[in-house]
Amino acid sequence: MLHWTRGLSGRRAPQSETEWLSPEAEEVRAELGDGAVTWAVEVGEDIAIRITQKIPPLADEVNAVVAIRRATTSTVWRALKLVAGLGESEVSLVSAEVEGIARDFARRGMELDDLLRTIRVGYAVLAADFLDAATLLLPPAESSAELRRISVLLFEVLDDFTADAAAAFIKEQSAWAAGISAARFDLVTRILAAEDLDTVHAEEVLGYSLEGPHVALIAWSTPNSSRDLRGVVESTLRERGAASASLVLPVGLQTVWAWGAVLPGRSRPRNTLPSFDDAFVVVGEVGSGIHGFRQSHGEAKAVERLIRLRPAQIPCSVAYEHVALEVLLLSDPEAAKRFASHVLGPLAQDEPRMTELRSTLRRYLEMDHSLAKVASVEHISKNTVTYRINKALDLCGYSGEATTDLRAALRIHEWLAGPV
């Protein structure tokens with residue numbers, strides 16, 4: 001008799017899952033079908049989302065979110081094999097990805113309780129999704145016994161799962177706490193929190209002067225990249241007028257924070273940053289002293305959050321001064337979305353015609369209402385520009401008042417739409 005897990009299916013349209021597949025996933029596909037693979041990926045995503053909601057600091061780190069999803073997905077594969085009776089009777093739910101997350105928690109200076117809370121949250125979602133699926137796919141006469149069996153199976157392996165993940169955390173925590181990197185990270189965290197500290201001692205530990213002007217940046221690589229981020233940091237800091245990557249701190253998975261001392265007499269560069277095909281770089285403004293150290297990093301963090309709002313995570317290099325207005329407009333993303341939707345009305349719709357009208361209107365507002373300039377840039381006639389402008393203004397209900405709100409709404413919408 002076919003096991004009920006062969007009836008599993010995902011909620012979304014089929015799409016490539018290549019980035020999540022593993023030998024275990026292929027085993028699930030071979031035994032239970034494509035629907036079970038898609039279902040497992042979606043459950044892994046559900047768990048990752050719930051975890052980042054419960055542990056907010058993780059949501060700010062792009063690579064942490066990706067790594068957590070990989071770990072939660074690997075756990076679902078193993079749990080699905082356990083429930084479906086595939087492979088060995090004693091299946092450990094702890095994968096290399098789960099151990100990696102446990103070690104990452106330790107490197108971030110998080111507490112063991114944070115890891116245990118993450119496990120509890122994730123396990124609750126995992127169990128609920130399995131029980132819901134069994135209830136849906138099995139007839140009432142069979143579901144009661146199966147629900148009890150699933151509950152027993154999952155909770156029998158919970159203790160071992162928790163113990164193994166905690167052991168990986170504790171081992172890494174011991175090694176991390178003994179290293180200079182931990183001391184530097186702790187000290188930088190205190191500086192960023194504006195705590196009182198001995199500047200002389202801080203500079204000795206960091207090997208970096210907190211006086212004078214500095215520029216901060218954050219760099220992170222794409223999940224499958226093997227790039228050495230130090231090279232990314234050094235080339236970017238050179239472009240910003242810094243002598244070298246004077247202070248570089250690894251933070252989590254595939255992410256670094258860095259500060260460079262700006263050379264005396266160098267004017268603040270406004271040129272384009274170097275770009276990388278497998279790494280993101282965000283840069284703050286130049287600032288002086290400890291206050292500038294904090295402020296420049298805060299600006300880089302703000303740009304990082306801004307990039308994470310975009311639907312497509314395409315590697316890019318962005319300086320704060322290039323997106324300062326977007327940072328302000330999108331400081332409250334949900335409120336910004338509501339504002340843009342309210343101001344633009346039907347013009348905010350995601351369809352080619354509306355995209356064309358928004359583009360022409362935005363250029364018209366940016367080019368001092370010059371029909372000739374817009375026509376030249378878009379290679380269309382002035383009559384066509386006039387038609388599009390009138391149509392766009394009519395759709396958003398513009399009544400002739402100042403265009404400040406309209407400009408802001410277009411900037412918000414353009415950023416959230418992402419690169420075309």
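## The largest cavity

In this predicted model, 17 residues line the largest cavity, and Ile51, Thr72, Thr75, Thr118 and Phe161 lie nearest its centre. A cavity here is a set of points on a 1 Å grid over the protein atoms alone where a 1.4 Å probe fits but cannot get out, and lining residues have an atom within 4 Å of a point. Two or more lining residues come from each of α2 (34-54), α4 (62-84), α5 (96-107), α6 (112-137) and α8 (158-177). Helix α6 gives the largest share, six residues.

The volume of the largest cavity is about 250 Å³, taken as the space filled by probe spheres set on the points. The lining divides into 13 nonpolar, four polar and no charged residues.

## Aromatic rings

Seven aromatic pairs turn up in the whole structure, a pair being rings of Phe, Tyr or Trp (its six-membered ring) with centres within 6.5 Å. Trp39 and Phe130 form an edge-to-face pair (planes over 60 degrees apart), because their planes stand at 75°, with the centres 5.1 Å apart. This pair joins helix α2 to helix α6 across 91 residues.

## Reading the values

Residues are numbered from 1 along each chain as its sequence is written. Local features need pLDDT of at least 70 and side-chain atom pairs 80 or more, while totals for chains, interfaces and linings use all residues, and side-chain values use heavy atoms, without hydrogens and water.

How values were computed:
On a 1 Å grid over the protein atoms alone, a cavity is a set of points where a 1.4 Å probe fits but cannot get out, and a pocket is an open set with protein on both sides within 12 Å along at least five of seven lines; lining residues have an atom within 4 Å of a point. Helices (H or I, at least four residues) and strands (E, at least two) are DSSP runs, numbered from the N terminus. Ala, Val, Leu, Ile, Met, Phe, Trp, Tyr, Cys and Pro count as nonpolar, Asp, Glu, Lys and Arg as charged, and the others, Gly among them, as polar. Rings of Phe, Tyr and Trp (its six-membered ring) pair if their centres lie within 6.5 Å; planes under 30 degrees apart count as stacked, over 60 as edge-to-face and the rest as tilted.
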